[in-house]
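Visitor: Can you walk me through this model? I'd like to begin with how its parts pack.

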Amino acid sequence: MTALVNNLLLAFFVIIGLFFLAAAIESWRDQTNPARWGTGLFWFIFAIIFSVGQWIPYEISGALLLVNGLLSLLKQVKVGKIKELPEKVADKTVKRIGNWIFFPSILLAVLALLLAKFTPLSKSKLGGQVAIGIAAMVSLIVAMILTKSNGKVAYEDTQRMVRSAGSAGIIPQLLATLGVVFTASGVGQVTAKAISGLFPVGNRLLGVILYCCGMAIFTAIMGNAFAAFAVITAGIGIPFVVAQGGSPVVVAAIGMTAGYCGTLLTPMAANFNSLPVALMEMKDSLGVIKQQFPIAIIMLLVHIVLMYFLAF
């Protein structure tokens, strides 16, 4: 079973790589994009990493990611001109299908859950990922049958979705790895020593404020609450809150959602704040964050109050 799961997961990574390859080819073919060579190279590098990354040295993969980071920094990754689905065709399809248009999405979620929980995949650590991959392929086939689409339409829609998301769509995948890297390198311990040198240990309210605000700030810096959780919980949550009598369950649960307050405040959380800007073609790149700012601050204060009264 383990070998089968690994092979299926590898196959899905190769398929994802092929999606990126399609985006690279179409980006290179887009004569209207002033950064078409950089954009195409960006997606081509990801196609290499996802398709054959398992067989190339880690150093080369890391170097390729640095190249992609440099391309993004130099603004050489642009969406360009994307062929849109004709409005008449879209309207006709929607009227014919009606609410069944949501069926493939619902099928994906339900099928992934059933495969991950009630099949031999549940015994594998990677079973959930493989279940999502299988459910996605089945849902794609169902969507093609439902909409009476062919392979060409699936190809065009796939590369259009990838290119529309742009670099903002892939950044969260990279940020999610930072938490493990920071924890392994001892950032949590360094943070604990730095904080303890500035603030006294023993004040519960101060500990709660430091932990919740630390989660929000570090999440804003990293763009991912999961990445921030391991570092800030080890550095602040445990010594300043849990060690003072706070319930680990309550502290961890509220601390994680406190980090999401920082998610609302940063362009680093690209899938939440930058991706909507790109997809909706908003003129203000910080428009989403500006609308969320007051809500995020209020939510952070609520988290502090809840943790103080519920954790002790």
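**Helix packing and selected residues**

Guide: The axes of helix 11 (residues 204-222) and helix 13 (residues 248-263) cross at roughly 45° and come within 7 Å. Axes here are lines fitted to C-alpha atoms, for helices over the stretch in contact, with angles from 0 to 180 degrees between N-to-C directions. This is a predicted model, in which local features need pLDDT of at least 70 and side-chain atom pairs count only at pLDDT 80 or more, while totals for chains, interfaces and linings use all residues. Residues are numbered from 1 along each chain as its sequence is written, and side-chain values use heavy atoms, leaving out hydrogens and water.

Visitor: What do you call the orientation of helix 11 and helix 13 to each other?

Guide: Oblique, given that angle. Angles under 35 degrees count as roughly parallel, over 145 as roughly antiparallel, 65 to 115 as roughly perpendicular, and the rest as oblique.

Visitor: Which residues make the contact?

Guide: Helix 11 contributes Y211, C212, M215, A216, T219 and A220, and helix 13 contributes V251, G255, M256, A258, G259, G262 and T263. Contact means heavy atoms within 4.5 Å. By class, the contact of helix 11 with helix 13 has eight nonpolar, five polar and no charged residues. Ala, Val, Leu, Ile, Met, Phe, Trp, Tyr, Cys and Pro count as nonpolar, Asp, Glu, Lys and Arg as charged, and the others, Gly among them, as polar.

Visitor: Take T263. Buried or exposed?

Guide: T263 is buried, with a relative accessible area of 6%. Buried means under 20% relative accessible area, exposed over 50%, and partly exposed in between (1.4 Å probe, protein chains only). Not counting residues up to four places away in sequence, T263 touches T219, A269, F272 and N273.

Visitor: Next topic. How do helix 5 and helix 6 cross?

Guide: The axes of helix 5 (residues 103-118) and helix 6 (residues 127-147) come within 8 Å, crossing at roughly 150°. The two are therefore roughly antiparallel to each other. On the helix 5 side, the contact includes F103, P104 and L107, and on the helix 6 side it includes G128, A131 and I132. The residues of this contact of helix 5 with helix 6 divide into 17 nonpolar, two polar and no charged.

Visitor: What is the span of helix 6?

Guide: Its end C-alpha atoms are 30 Å apart, which agrees with the 30 Å that its 21 residues should span at 1.5 Å a residue. The expected span is 1.5 Å times one less than the number of residues.

Visitor: Which residues in helix 6 are buried?

Guide: G127, V130, A131, G133, A135 and S139 are buried. What covers them includes helix 1 (2-29) and helix 5. Just after helix 6, K148 takes a positive phi of about 55°.

Visitor: And L41, where is that?

Guide: L41 is in helix 2 (residues 36-52). At 34% relative accessibility, L41 counts as partly exposed. Leaving aside neighbours within four places in sequence, L41 is in contact with W28, N68 and L71.

Visitor: Back to the whole chain. How many helices and strands?

Guide: The chain has 15 helices and zero strands. Helices (H or I, at least four residues) and strands (E, at least two) are DSSP runs, numbered from the N terminus. Of the 312 residues in the chain, 38% are buried. Among contacts with a separation of 6 or more, 72% come from residues 24 or more positions apart.
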